[in-house]
2 protein chains.
Amino acid sequence: MFEFKIIKKDTKSNARRGVLLTPHGEIQTPVFMPVGTQGTVKAMKPEELIEVGTQIILANTYHLYLRPGDEIIKESGGIHKFMNWHKPILTDSGGFQIFSLSKLNKVSEEGVAFQSHIDGSKHFLTPERSIEIQNNLGADIIMAFDECTFYPVNYNTAKESMSLTIEWASRSKNAQKNKFQALFGIVQGSIFSDLREHCTEEIIKIGFDGYAIGGLSVGEPKEEMFKIVKQISPLLPEDKPRYLMGVGTPDDLKECIKMGIDMFDCVIPTRNARNGKLFTSEGEINIKQNKYTRDYRPLDEKCDCYTCKNYSRAYLRHLYMTNEILSSILNTTHNICFFHKIVKKIREEIC
Amino acid sequence: MFEFKIIKKDTKSNARRGVLLTPHGEIQTPVFMPVGTQGTVKAMKPEELIEVGTQIILANTYHLYLRPGDEIIKESGGIHKFMNWHKPILTDSGGFQIFSLSKLNKVSEEGVAFQSHIDGSKHFLTPERSIEIQNNLGADIIMAFDECTFYPVNYNTAKESMSLTIEWASRSKNAQKNKFQALFGIVQGSIFSDLREHCTEEIIKIGFDGYAIGGLSVGEPKEEMFKIVKQISPLLPEDKPRYLMGVGTPDDLKECIKMGIDMFDCVIPTRNARNGKLFTSEGEINIKQNKYTRDYRPLDEKCDCYTCKNYSRAYLRHLYMTNEILSSILNTTHNICFFHKIVKKIREEIC
C-alpha cells in the first residue's frame with residue numbers, strides 16, 4: 001500500500017522527482033504539505049485545497065489527541081472521513097508540540113509527562129501510545145515518536161536527546177502493526193554533525209518506510225540548517241522518501257530540494273496568510289499597508305488562483321483591516337497556491 | 001431597469017409571489033437577503049452564496065462609508081465588482097447603524113452628527129449625503145435616509161422622529177438621480193398605529209420604487225411587530241415590493257409573508273452560525289453541546305447543503321470548540337441554505 005518510485009534524478013543537483021503511492025492516492029514529489037493542525041487547514045475547505053494543487057496534508061497528533069480525541073476520530077471512521085479529506089494525510093508523532101506548546105513536561109526513558117496547553121490536564125505519551133493514537137487517527141503516513149530539541153542546546157543535552165530518539169524510534173517501529181500506514185523515522189541531533197550522522201545510521205538500521213530530518217528550523221541560523229540537510233540527505237537511503245520537517249520559505253524549499261529532499265511541511269503559507277503577509281511573483285507584501293488602499297490590481301498579476309482572478313488588492317486590504325473571515329480564506333488560498341506552484345515548477349524542471 | 005411583477009396571489013392569505021427585475025438580474029419573491037455588512041457575507045465566498053440559493057444580498061452603507069469609504073468602492077468599479085458579487089445588491093441608508101452603533105449622535109432637521117464606532121472620527125450624514133454615498137456604492141436598490149427609533153420610545157418622540165423621516169424621505173427622493181438604482185421609502189412610527197398609518201400615507205405620496213417597514217424587531221414584543229406589519233402591509237401599493245427590514249426568524253418570515261411582505265433581511269442565520277446556533281428541520285441546536293461530541297450523523301438529515309452532505313455533527317462541534325475558521329464557513333453555509341429553502345418552499349406554495 002506504500003511505495004516510492006524515483007522517476008528522474010537531476011543532473012545538476014541531488015534533486016529527485018518521484019511518486020509516492022499511498023492508500024489514498026499518488027503524490028508527486030517533491031511535495032509541499034499544508035498544515036491542518038486540528039483536522040482542518042485553517043480557512044480552507046478540502047475542495048479548495050485540491051483546486052490549488054494540494055496532494056497531501058499534515059495533521060497534528062498532539063492537537064487531535066487532546067481535541068476531539070483519537071478515539072472519536074477512530075469511531076467516526078478515521079481522520080479522512082472525519083475531515084472530508086480523501087487524499088493522503090501524514091500525522092506527526094506529537095513530540096514537537098509537546099516540547100513547544102505544553103506545560104511542565106517531564107521526559108523519562110519511558111516517555112513524556114505533560115500538561116495540556118488548553119486545560120492543564122495531565123497526560124503521558126510514550127512511543128507506543130503515540131503510534132496507537134496515530135493508528136486510531138488513520139493517516140497514510142505516521143511518524144516515529146521523537147524528542148525534539150530547540151536552538152540553542154548544548155552538545156551533551158543534544159546527545160542524550162538523540163539517544164532517546166533512537167530508542168523511541170525502535171519502540172515506535174515495534175508498536176506499529178497497521179500495515180496500511182507507512183512509518184517514517186526521524187533523525188535528530190541538533191546542529192552537531194557527528195550526532196546527526198550517528199543518529200542517521202541508527203535510524204536506518206532500525207529501518208523505516210521513509211526518513212525525516214527533524215529538529216531544524218527551530219531557531220538556528222539558516223546556514224546551520226542547510227549544513228545539516230546537505231550532510232544528512234545523501235546519507236539517507238536513496239530509495240526512500242526524505243522529509244524535512246517544519247521547513248520553510250520558498251527559498252528554503254528550492255535549496256533543500258537540490259539537496260535531495262522530497263517532502264516538506266510548514267505553517268508559513270497559512271499562518272502568514274492570516275496575518276496579511278502574502279507571497280507574490282514580485283516578492284512578499286503586507287496587505288495591510290496603506291499603499292494598497294486604492295490599488296485595484298490583482299494581488300499577483302502572474303497568478304491564476306481564485307483570489308487573484310476575482311479580487312483586488314484594495315478589497316483584500318479592506319477585508320484584512322475589517323477583520324473579515326473572507327480575508328483569511330482568500331489570503332490562504334493564494335499563499336498555498338503560491339507554494340504549490342513553486343514546488344511544481346521545480347519538480348517539472350528536474351531532468 | 002427596475003420592475004416588479006406579481007405572478008400569483010395566495011388564496012388563503014395576503015401572500016404574493018413575484019419577480020423583481022434589477023440591473024443585475026431577476027429576484028424571485030418573497031426573498032430573504034443575507035447581510036453582507038462590510039462588503040462580504042461573513043465567512044462566505046460569492047459562489048457559495050449562489051450555491052445555497054442567495055439571489056440578493058444587503059450591504060451596509062454606514063460600514064462601507066467608514067471603511068473602505070464609498071469613493072474607493074466607486075473608483076474600483078462599484079460594490080458588485082469590488083466584492084465579486086454580480087447579482088443584485090441592496091444598500092441600507094446608514095440610518096439604523098448610526099443610531100445603534102455610533103457614538104454621540106446629534107439629530108437636527110438637516111441631518112445626523114455622529115462619531116465613528118471604530119475610531120471616534122466625526123461625521124455628518126444628511127439624506128442627500130446618504131444618497132450620494134449609495135450612488136457611489138452602486139447597489140441595485142438603495143434606501144431613503146430615515147431616523148430609526150428603538151423600543152420603548154414615547155409617543156411624542158416617535159411622532160417627531162416619524163415627521164423627520166417623512167421630510168428626509170422627500171429629500172432622499174430629490175437627491176436620487178441615478179436611474180439605474182431603485183429607491184425605496186421607509187415607513188417609521190414605532191408601535192403606534194396612527195403614526196404608522198400617517199407615515200405610510202405620506203411616504204406613498206412622495207412615491208418610491210418600493211416600500212419598507214423599518215423600526216421593527218428593535219426590542220418590541222413580537223405581537224407588536226406582527227400587529228404593525230398586519231396593519232401597514234395592505235396599505236402599501238399593491239404593485240410595489242414590500243420590504244420588512246431586519247426581520248427575522250423562520251417563523252417571523254412565514255407569518256409576515258402571509259401578511260404580504262416580499263423582502264426580508266436579517267443577521268440571524270449568519271450571526272447565529274458563527275455562534276454555533278444552527279437551524280435544522282428538527283429545530284434549533286447549539287453545536288457546542290456535549291451531546292454532539294460523538295454524534296456522527298449529519299447536522300440535518302433532511303438537508304442537502306454542502307455541510308450536511310460532507311460533515312458530521314461531531315466534526316462541526318470539534319471545529320466550533322477549537323475556534324476554527326471552517327466552523328463559521330460550514331455553519332453559515334447551512335444556516336443561509338436553511339433560510340433560503342424555507343422561503344423557497346413558501347414561495348412555491350403560494351397559489
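**Exercises on a two-chain predicted model**

Residues are numbered from 1 along each chain as its sequence is written, with chains lettered from A and ligands numbered from 1 in the order in which they are written.

**Exercise 1.** Describe how α8(B) and α9(B) pack.

Step 1: find the helices. α8 covers residues 193-206 of chain B and α9 covers 222-232 (helices are DSSP runs of H or I, at least four residues, and strands are runs of E, at least two, numbered from the N terminus).

Step 2: get the geometry. Two packed helices are described by the angle between their axes and the distance between the axes. Here that's about 35 degrees and 10 Å (axes are lines fitted to C-alpha atoms, for helices over the stretch in contact, with angles from 0 to 180 degrees between N-to-C directions).

Step 3: list who touches whom. B:S193, B:R196 and B:T200 of α8(B) meet B:I228, B:Q231 and B:I232 of α9(B) (contact: C-beta atoms, placed from the backbone, within 7 Å).

Step 4: sort them. You get two nonpolar, three polar and one charged (Ala, Val, Leu, Ile, Met, Phe, Trp, Tyr, Cys and Pro are nonpolar, Asp, Glu, Lys and Arg charged, the others, Gly among them, polar).

**Exercise 2.** Work out the strand order of the open sheet in chain B.

Step 1: the three strands run β1-β2-β3, with antiparallel pairing (a pair needs at least two DSSP bridges).

Step 2: β1 (3-9) and β3 (25-29) are the edges, each pairing on one side only.

Step 3: look at β2 (16-22), which pairs with β3(B) over five bridges. In β3(B), B:T29 stands opposite B:G18.

**Exercise 3.** Which element of chain B gives the most to the side that touches chain A?

Step 1: size up the contact, which takes 31 residues from chain B and 31 from chain A.

Step 2: pick out elements giving two or more residues on the chain B side: α3 (70-75), α4 (79-83), α13 (313-321) and α14 (325-349).

Step 3: α13(B) gives the most, with five residues.

Step 4: by type, the chain B side holds 14 nonpolar, eleven polar and six charged residues.

Note on methods: This is a predicted model: local features need pLDDT of at least 70, side-chain atom pairs count only at pLDDT 80 or more; totals for chains, interfaces and linings use all residues. Two residues are in contact if their C-beta atoms, placed from the backbone, lie within 7 Å.
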